[in-house]
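This report examines selected features of one protein chain. Please keep the sequence and the structure in view while reading.

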Amino acid sequence: MQLGKLFQFRESGEGSQKPFLDHLEDLRWMIIKMVVSLALGMIAGFVGRVPLTRLLQWPLATIDPDLPSRLQSFGVADPLTISFQLAFYAGIVLAFPFLLYFAAEFVLPALTTKERRVFYPTLAIGVGLFVGGVVFCFSVVLPKTLDYFYKDSHTMGWSPNWSVREYFAFVTQVTLSFGLAFELPVVVLALVRLGLLGQRTLRASRPYAVILIVILAAVITPTSDLLTLGLLAVPMLVLYEICIWCARFVERKQATPPAELES
């Protein structure tokens, strides 16, 4: 039933209808291409695990250049286990543009000719926002958050001896969370383009959106501190406001008669 609805949506564009088995074949190839691109990204991440590890230790080195060498390994197989974990997260980041493209490519038959013209710019915006979220987290959020936890441990009279397993799990999860959270404008604009949302709805829902964004930020961040929560929630709130203005622009463009657009 759900597959039938999905395939019915794919046929809502200007193209001719396809048999059900052809839809299944398209779905199968989409999954295969996603798995292959993710596997290649993981292989690249595993091959470059040494420079990747040093890169991920940079936010810690901003506090004290000697801190990366103080990370402790308590497991015999930690180097290999952590390398596989880092390769997985690196694979997601490296393969994300291709994953997004293959998923969107599956929906292309449902789009009209005019909608297909904005497909690639929208795809580029989605990739750019993801990369922007990752860079913002890595260059701004992580140094401030790690510095806060490091100094707070000294305030409590403790010596912060962090393990490599906990450190890399924290860094990768926070970074990936920011990258995915920055996809909010693409999701909202897609709903606006489909007629499911409008600028009036977005404006009227602003108080509820603030609450939902704070809850979402609290859920996807691996820590419960207010600093990390605020550093994720505030950019998402700014992106929500940008979405309102973008929705206004899209609605005005859709309401403009073709004759006025050509003149």
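## One face of helix 10

The model is predicted. Helix 10 covers residues 184–193, and Pro185, Val188 and Val192 are buried within it. Viewed down the axis of helix 10, the buried residues fall within an arc of 70°, so they line one face of the helix.

A nonpolar patch on the surface is formed by Trp29, Ile32, Val36, Leu40, Ile43 and Val47. Together these residues have about 580 Å² of accessible area. One of them, Val47, is placed in helix 2, which comprises residues 20–47. Val47 counts as exposed because its relative accessibility is 68%, and the cut-off for that class is over 50%.

Leu27 also has its place in helix 2. With a relative accessible area of 17%, Leu27 is buried, since the class requires a value under 20%. Leu27 and Phe106 are 79 residues apart in sequence, yet their C-alpha atoms are 7.3 Å apart in space.

## Aromatic pairs

A pair of aromatic rings is described by the distance of the centres and the angle of the planes. The model has eleven aromatic pairs. One of these is formed by Trp58 and Phe138, whose rings are stacked at 5.7 Å centre to centre with 25° between the planes. Trp58 lies in helix 4 (residues 58–61) and Phe138 in helix 8 (residues 119–155), so this pair ties together parts that are 80 residues apart in sequence. Trp58 is partly exposed at 39% relative accessibility, whereas Phe138 is buried with a relative accessible area of 15%.

Tyr150 and Trp162 form an edge-to-face pair, with 6.3 Å from centre to centre and 80° between the planes. This pair links distant parts of the chain, twelve residues apart: Tyr150 is in helix 8, and Trp162 is in the loop between helix 8 and helix 9 (164–181). Tyr150 is buried, its relative accessible area being 14%.

## Salt bridges

How many salt bridges are counted in the model? The count comes to four. Among them, the side chains of Arg165 and Asp78 meet at 2.4 Å, N to O. Arg165 belongs to helix 9 and Asp78 to helix 6 (residues 78–107), so the pair ties together parts that are 87 residues apart in sequence. Arg165 counts as partly exposed at 36% relative accessibility, while Asp78 counts as buried at 4%.

Another salt bridge joins Glu241 and Arg206, with the closest N and O atoms 2.7 Å apart. Here too the pair links distant parts of the chain, as Glu241 is in helix 13 (residues 226–255) and Arg206 in helix 12 (residues 206–220), 35 residues apart. Glu241 is partly exposed at 30% relative accessibility, and Arg206 is partly exposed at 29%.

Within helix 8, Asp147 forms a salt bridge with Lys151. The closest N and O atoms of this pair are 3.2 Å apart. Asp147 and Lys151 are separated by about one helical turn because they stand four residues apart in helix 8. Asp147 is partly exposed, with a relative accessible area of 21%.

Methods: Residues numbered from 1 in each chain as written. Heavy atoms only, no water. Patch = residues over 30% accessible without salt bridge, like charges linked within 9 Å, V, L, I, M, F, W, Y side chains within 5 Å. Areas by Shrake-Rupley, 256 points an atom, 1.4 Å probe, with all protein chains shown as cover. Helix = DSSP H or I, 4+ residues; strand = E, 2+ residues; numbered from the N terminus. Buried < 20%, exposed > 50% of the residue type's maximum accessible area, 1.4 Å probe, protein only. Phe/Tyr/Trp six-rings, centres within 6.5 Å; stacked < 30°, edge-to-face > 60°. Arc of directions from axis to C-beta.
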